[in-house]
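Please keep the sequence and the structure in view while reading.

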Amino acid sequence: MPRNELYDPAEHRPLSGSAWSDGAARAAIEEIIADAVGAYRGTEQLWPNDPNDLEGMPDVPLRNVYLGAAGVAWALDLIAQDDLCERPPWLHELARGLGEGYRQAPELTEIEPPPAASLMFGESGILLAAEAILRDGSQLDGLIDCIKRNARSPTLGLCWGSPGTLIAALQLWRQTAEPRWREAWLDSAAWLLDQWREEVWVQHLYGDQSRYTGAGHGFAGNAFALLAGRDLLGEAADQVTGRVVGEMGKLAVTKDRVTQWPPLVGVKEGRRPVQWCHGAPGFVISLSPVLPPGEETERLLTAGGELTWRAGPLVKSVGLCHGTAGNAYALLALWTRTEGELWFERARSFAMDAVADVRRRRAQAGRGRYTLFTGDLGVALLLRSLLVADPTFPFVEAAF
């Protein structure tokens, strides 16, 4: 694509779907949940994988949060908490066995480096999801060990590395007030700050060294992981905040009053994704909840949201990571930050488009896509967020 373009229109499509109504949203949640519950094959086989998720990997049962059973189970439980679906009777049994099942059959071991104890693809996220469901403390000793093991991960991104387990430690500190979680957070945060030696962090991922800017793998996600615990940073908090604001501005590309953040520092060619993991939506979702007000900050975040809206729904997916549901959370983040109802209405429009897209894809495939970050459960969670006015991005902002 031309280097001056902020996004590729071919990756997006016109907005479709019916008008929002609470009744239609509730019915769509029930439909997605019924399909997921009906597809469950027990604690050993779990859910069928989608070919679009495997990308050459073996077709085996997956338990991780991003693609596997932990994420689906967590979503089912959260939606049930708001009485938007019935809690499946087997949910606690599934949650209790997730950690041991993962240890007996580690996943994604062919990737370099393997995910080990990471938040999205490894054991930390699995245990955090299980504890959020069970709420009995049974997962906590294993989880603190995972966080410590992942504290020096060279991947330096939210999905795979220490920023993700930094988030897990902070959530448990907020939930339990036990000093071990605060100590784990401080140790990991100190190392992450020490590794911030260039404009952005250098990620060792997939056998390469890269400087990603976005939420899933790079700068925006790391900045969120640090600033979500701003109160724990002490005297360093203002310095870290100022550095984040400065780099956010340097990395931004603005044209026609919309803003995009290219996925890699210094790379002027190639894709300009508009999604959570790379691009403007991830910046808005990650930084809106944690940055203090400021004229330039507001301009950039709002312009990033405007790009997300103008680009329109995504062709690739309906999900949270690189799909329409995830992008809607950028609009919800701006609704919270600006108190502007227009952003809420735009998020509703994206949500109903995503519902129609789920139905189209299910009709084509003969079944749904049973994952939290790439599949239909992300759409159900977006609908829930709109019904209960909860803008927090699923699992990353709050697992509890």
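## Helices side by side

The axes of α7 and helix α9 (residues 179–194) come within 10 Å of each other and cross at roughly 15 degrees, where axes are lines fitted to C-alpha atoms, for helices over the stretch in contact, and angles run from 0 to 180 degrees between N-to-C directions. α7 and α9 are therefore roughly parallel to each other (angles under 35 degrees count as roughly parallel, and over 145 as roughly antiparallel). Helices here are DSSP runs (H or I, at least four residues), numbered from the N terminus.

For helix α10 (residues 219–227) and helix α12 (residues 237–251), the axes come within 11 Å and cross at roughly 160 degrees. That angle makes α10 roughly antiparallel to α12.

## A residue in α7

Asp145 is found in helix α7, which covers residues 140–149. With a relative accessibility of 39%, Asp145 counts as partly exposed (between the limits of under 20% relative accessible area for buried and over 50% for exposed, with a 1.4 Å probe and protein chains only). The C-alpha atoms of Asp145 and Ser124 are separated by 8.8 Å, although these residues are 21 apart along the chain.

## About the model

This is a predicted model, in which local features need pLDDT of at least 70 and side-chain atom pairs count only at pLDDT 80 or more, while totals for chains, interfaces and linings use all residues. Residues are numbered from 1 along each chain as its sequence is written, and side-chain values use heavy atoms, with hydrogens and water left out.

Key:
Helix = DSSP H or I, 4+ residues; strand = E, 2+ residues; numbered from the N terminus. Parallel < 35°, antiparallel > 145°, perpendicular 65-115°, else oblique.
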